[in-house]
Amino acid sequence: MHNTIDNPRPDLLQRHFSNLGLFVAAVLLSLGNTSAREVDFERDIRPLLRERCGDCHGPDLEESRLRLDVRHRAVRGSEFGPVIVAGDATASPLIERVTHADEDRRMPPDDALTEQEIDLLRRWIDSGAPWPESDADRQAREDEHDPRLEHWAWQPVQRPPLPNPAAPGLHPIDQFIQAQLADVGLKAASVADRRTLIRRLSFDLLGLPPTPEDVARFVTDTSPDAYEQLVERLLASPHFGERQARHWLDIAHYADTHGFERDQIRENAWRYRDWLIRAFNDDLGYDAFLRRQLAGDVIAPHDPDFTVATGFLAAGPWDFVGQVETKNGVLRRQARADDLDDMITQVMTAACGVTINCARCHDHKLDPISQRDYYGIVALFSGVTRGERSTSPAAEAAYTAEKERLSREIGEARTRLGQLSGESIDLADIVGGGDGYGSGQRGAGIHPATGALLVGSPMGFLEGSTANAPVAGPTPRVAAVFIPSGPDPLPITPEGPPLTGLTKTSAAAWDAIRNGPVNSQHSTVLDGVDYASEGHTMLGLHANAGITFDLTAVLQNAAFTGPVFRCVVGYGGITPTDGADYTVAVDAQIVAHGRLGRDDGGVSLDIPLPAGSRFLTLISTDAGNGISHDQIFFGDARIDGNPKTLSETRQQEIDAARKTVASMEAARNALQPVPTFYGPVAQPPETIHRLTRGNPEAPAEAVAPGTLPCLAGLERPTLDSQSSDAERRQAFAHWVTDPANPLTPRVIANRLWQHHFGTGLVDTPSDFGLGGSLPSHPELLDWLAAELVSHHWSLKHVHRLICTSHAYRQQSHGVWGAPAATALDSDNRLLWRQNPRRLDAESIRDAVLSTSGCLNLEMYGPGYRDFDYEEAYAPVYTSITADAPPLWRRTIYRFIVRSTPSPFLTTLDCPNPANLTPVRLETTTALQSLALLNNDFLLRQAEHFSTRLREATADRDSRISLAFQLAFQREPDNAERTAARELIQETDLTQFCRMLFNANEFITFD
Amino acid sequence: MDQPLSHAGRHLLDRRQFLQHGGTGLGGIALAALLAEEGRTAAPAAASAAAADGPIRPIIDPSAPYAPRPPHFQPKAKNVLLIFCSGAISHVDTFDYKPELLKRHDMPMPVDGEKLITFQGEQGNLIKPQWEFRPRGESGTMTSDLLPHLGELADEMCFIHSMTAKSNTHGPAENQMATGFTLDGFPSVGAWVTYALGSECRDLPAFVAIPDPRGVPQVGPRQWQSAFLPAVFQGTPMSADRPIPNLARPDTITADADRASRDFLAMLNEQHLAEHPRDSDLAARIAAYELAAKMQLSAAEITDLSGETAATLALYGADDTANTTKARFAQNCILARRLIEKGVRFVQLFNGAYAMGEGVGNWDGHKTLVDQYSVHGPILDQPVAGLLRDLKDRGLLADTLVAFVTEFGRMPTFQKGASGRDHNPSGFTVWLAGAGVKRAFHYGATDEFGYKAVENISTIYDLHATILHLLGLQHTRLTYYNNGLERRLTDVHGHVIEPILA
């Protein structure tokens, strides 16, 4: 080898060698190795390249980032890859471009090379493209060396040796910590007492205070590994996942609404939150944990354990107006660019601690990340939009197919039943002015406000209708028609008995009650049967309308006894679910009621009409959401019974057919729809351009998907502009979780450390770049990262390591020599003591509920909603006080509304989910004091707490003791007990409880 | 002040941080030196506060986060009153006089090449101002009859007629006026100002937001949020009829019981503190409870308008029994003056609310502008004019900067098939008054129709930079480190509008 300049990264090239797909890179190595006989580089080629290519591909312009005037740049190639394939001119893009048939693409523009020049180039390349490095080449190469690439965080994780192997009993973490302490003449503090330890561990690992029983058990445990056992118990608790998920949701800026102007609800975002809790509890390896969140839907598209994980990508805010509603293209492009920026900023800061977003408008000011790199990362996700999607498309398809099959069979069975039944009385026919045996007119109807018979004359919205004012129908068989609205009683005929139990409606109506479909009805088909077709009938009843039949008149000529009203009621509008309500009443008593949408299919009703029944009433109401598309209809609405002339065999056939229909309907009702969740919706990836100054209206060149070049030791995914969304994200997920990725394990190890000490070893946990801080204990950080990777990326392993260290267990106050230590290290970055901490907002709320005895430990499922919701263009959320068990769940299950933060939690520093929050800020304000003193939730909790004490014991001193145990996990001392007695004497137990919630000791732990 | 050790110093109010500020600064330096010797913790480049153009991050004492802090240079103004008209008040019907619209009334607007598609769709013809303009004040400034009381004070105003916004959608545009960014999640102007300067008033919040009696603006509390700044700097919402949340002692607890309870709490906390000597955070919490008690008194006083004279009530229109919405808004205006009087650093007064629907409760006059503005004009006019006059009469304008803003302007055309104007972020008017700005001054201009800013085009960044400048703050240096960036109110933009400075 002439030199090794081409090979500054042997590890990278070895990787490439092992990858046959990167043949080009391998061949490049020989560049400069083979001597040319016929062509002389310095004489023939260098001047040619300089003079014919150098204007554009020299130091001034660097078109396509290609320079052909200096060796190392020519070797590197353009932004699109190598241009010279040593030994193979035909395969070299350089030759392709100088000989291109298309004039527009041929190089140099407007001034093609001569045949002789091309021939020289060909021969030079075929001979191995030798290019001995000149002094000028070397100088250019050295000038370009970028010292930022030497930044510690980009270097591979090196598992350091333990500083003090001579102390085998010393916990590895403490070997690192104590070595640095010793360097400055400091010592670790003593181990804290057991009550302090269990309080610290419980809040850290579970986010909850320990119960008095937990404390007693631990404090009196004499086994030598009592502490280790406690750590194991807590790591195994299901509440561990709840606590850890809260940390992760902070960096995913998760919420249950979109945010922005129209802050709509995401009904199923919570499935991702539940996935997180389970993943932490199950100790899913952190590599798999990340891979699933980045690409689970393409790794295992039909497994909800994988798909739901990708809720991560969609967790942040989303601008409905900007992306969907606005007609302005500029706004839409801006909104989409912001959307992708938000997504990749979240991904890159969460997983890698890299502030990629700084390179959106220009190259990163501090880190070696170019603007092109930024858009390369954007391109990885350009196939992702956010939306409601299936957790398992395969299960979804199976469900739909099965439902369709059953519906078809139900329809067929119902038709067969109708054929068997014989002489029945058809109610639709009566609505058409007939007698029930076919004398009425199809399409005719009754005006619901006047009772007049209408033939044809389709009507629209009925203005000025009065609710609950029944009028007689056009024939004696129709006792009344009306426009219904609850909750007022509805007289079912002008003189008739009142019907109660309806909800309030808009009291608006549309068209007539029809013998057939109503005006503009979307569909007349239910379960494959068209009730407008021959052999069927339908009674169309658009909300809000109702009709009461006079059974005496209807049944006067009946050819059967024991009358039964049978029909298939369904929804003919377009709304998939919750379209409109139907109600059936006999003599003003509701006998059937339900809410239907298009997806529900038909419901068979089978309603016996007892002897002496006078009125049958059918009602359609608007489900409280206005009357658009509220097209209820009753298919084959008939009254029949035991025909006076029917054979027993026929009767049995009819009974059997009815059973068949009933059992198939039951089977259909039992089908469980496949859950959906809010996550990434894949689309063909958009072409991503570098945007000049980040402006979507100023696109520059297209950029292919890529990763960060500054992580030199990593195999870079082979992606191009043709790669599918699945290929992009899967490749990226593997790049992120490559065990050789220096950032991923360091960043998470640091986050775990931060959660146990309040500050990370790197105190800028989402910025490991040059703008971030240096680690206080670099070797320890690498040791933890290496431990993580070598233990199958087990997070619990790292928690266990940290929690069992002396550094973690030491005192936070009362430390011997504290003044001297403070003078040397006031921030306690060297950890000469543990850090005392204040509870975060969620933990304060959870601790209050736990102490009062109210805490509802139900896990998983949709979040609790401590607000009133009002549907509007921009929905209105109004906070309410949580004062019922369903709202007393742990705060991780709070339904988070971006536009309406919880005032109580916000005052206590709960962050706004518009922001990525790697570190919780802590403030101390008078408004916090007021919130804890006077907030309605706190006051009621103080009452519940006092009730708990009263119910537990009648003795005042015992109550005081129990209260201290529950709130502080200790007994009161004499002074406290005396003061408590006096307060209770002077005021009441509730005031005492209220003050315990306000105590510093309650919201901090040592 | 720079933090040689690390970014730890950037995290305000971090409990462990305080020891360093409050105690000996020597500790951090000694450790830094030791670590630097190891070659591992060389101070990062960002620790460059000593440099002339480096970031200036105020140092906050957690036990007194509102304590006054020095500005960067001698300020012209001490307080800010920001009046925000929600829904985008039409400049062509109020303060931006365009005679060409009278000449070309009901004629198409000539537009270069492009077809004009604004927020809601196509545009109809140019439409003249719907209220007559007249010369007012000694300056003869032309303002319309929609706001006659404000017109009388035209000599006090410093108009910027060439304001532009980045979005033509209410949400993002409100965000931009309130925070500098169209996206959610950035601190409001008031949060930045109180972060920088604290407050002269110790027993009231440093930053108060007064929502309109009809409700909150479109982006709601995001108008006064602290976002990534410490929560202590968020605006506290209160109005004349809605006091500070959780301020009052609950009715169910007597004053004596409350006092006895707090004595008990103080005893618990002091005993706890004795076991945790040197923990300034615990001490700060005790101090916060004491401040809360003071605030309960002073904040209850501040909303009690019973001591205001009949003349004052009449000046603001707070005695208008015929128009109760106006009277309630007027009471908010009186509250604003009382807060300024007390030295509250930043008061944000809202006119108009969102939830009632397009243009019903705010200035979003798309379809029936005359009908809607005939309701909103009187609610705004006399109360804000009364406020301005009262501030002046009491000498408060000498130290107070008043800024009258809205999220964007409206079109000089009517929307096709409607009698109202669509959104127009390309040119609109805001005005300043009081400390540090010229009187009866006009800066910038829109084109002959009021459609686009064409002369001295100004941005919201410029406006924010100017507000900070008047408070003695360099907008390029007032920063807060968040997620890898030194964040600024003005992002990487903004120029102080020098010509309007007095």
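Analyst: First, a term we'll need: a residue is buried if 20 or more other C-beta atoms lie within 10 Å of its own, exposed if 12 or fewer, and partly exposed in between, with the C-beta atoms placed from the backbone. Some housekeeping too: residues are numbered from 1 along each chain as its sequence is written, while chains are lettered from A and ligands numbered from 1 in the order in which they are written. Keep in mind that this is a predicted model, where local features need pLDDT of at least 70, side-chain atom pairs count only at pLDDT 80 or more, and totals for chains, interfaces and linings use all residues.

Now the sheet. Helices (H or I, at least four residues) and strands (E, at least two) are DSSP runs numbered from the N terminus, and two strands pair if DSSP finds at least two bridges between them. In chain A, five strands line up as E6-E14-E19-E16-E17 in an open sheet with antiparallel pairing. The edges belong to E6 (478–482) and E17 (589–596) of chain A; each has a single partner strand, so one side of each goes without a neighbour in the sheet. On average, neighbouring strands here are turned by 10° against each other, direction ignored; axes are lines fitted to C-alpha atoms, for helices over the stretch in contact, and angles run from 0 to 180 degrees between N-to-C directions.

E6(A) is mostly covered, with five of its five residues buried. Four bridges tie E6(A) to E14(A) in the antiparallel sense, and A:Phe482 has A:Gly546 in E14(A) as its bridge partner.

As background, most residues other than glycine have a negative phi, and most peptide bonds are trans. The A:Gly486 to A:Pro487 peptide bond is cis, with omega near -10°, and A:Pro487 is in the loop between E6 and E7 (490–491) of chain A. Another cis bond runs from A:Ala543 to A:Asn544, with omega near -5°; A:Asn544 belongs to the loop between E13 (538–542) and E14 of chain A. A:Ala588 lies in the loop between E16 (580–586) and E17 of chain A, and it counts as buried because it has 20 C-beta neighbours inside 10 Å. Then there's A:Arg693, also not a glycine, with a positive phi of about 50°. A:Arg693 is in the loop between E22 (688–691) and E23 (699–703) of chain A and is exposed, with 10 other C-beta atoms within 10 Å.

Stepping back, chain A has 36 helices and 27 strands, and buried residues make up 52% of its 1006 residues. Its C-alpha atoms fill a box of roughly 115 × 100 × 55 Å along the principal axes. As for confidence, pLDDT is the predictor's confidence in each residue, from 0 to 100; chain A averages 89, and 96% of its residues score at least 70. Residues 1–36 of chain A stay under 50.

For a helix pair elsewhere in the chain, look at H24 (residues 743–757) and H25 (residues 778–790) of chain A: their axes come within 8 Å and cross at roughly 105°. Angles under 35 degrees count as roughly parallel, over 145 as roughly antiparallel, 65 to 115 as roughly perpendicular and the rest as oblique, and H24(A) and H25(A) are therefore roughly perpendicular to each other.

Finally, the partner chain. Two residues are in contact if their C-beta atoms, placed from the backbone, lie within 7 Å. The contact between the chains takes 80 residues from chain A and 76 residues from chain B. On the chain B side, the largest share, 10 residues, comes from H7(B). That side divides into 40 nonpolar, 27 polar and nine charged residues, where Ala, Val, Leu, Ile, Met, Phe, Trp, Tyr, Cys and Pro count as nonpolar, Asp, Glu, Lys and Arg as charged, and the others, Gly among them, as polar.
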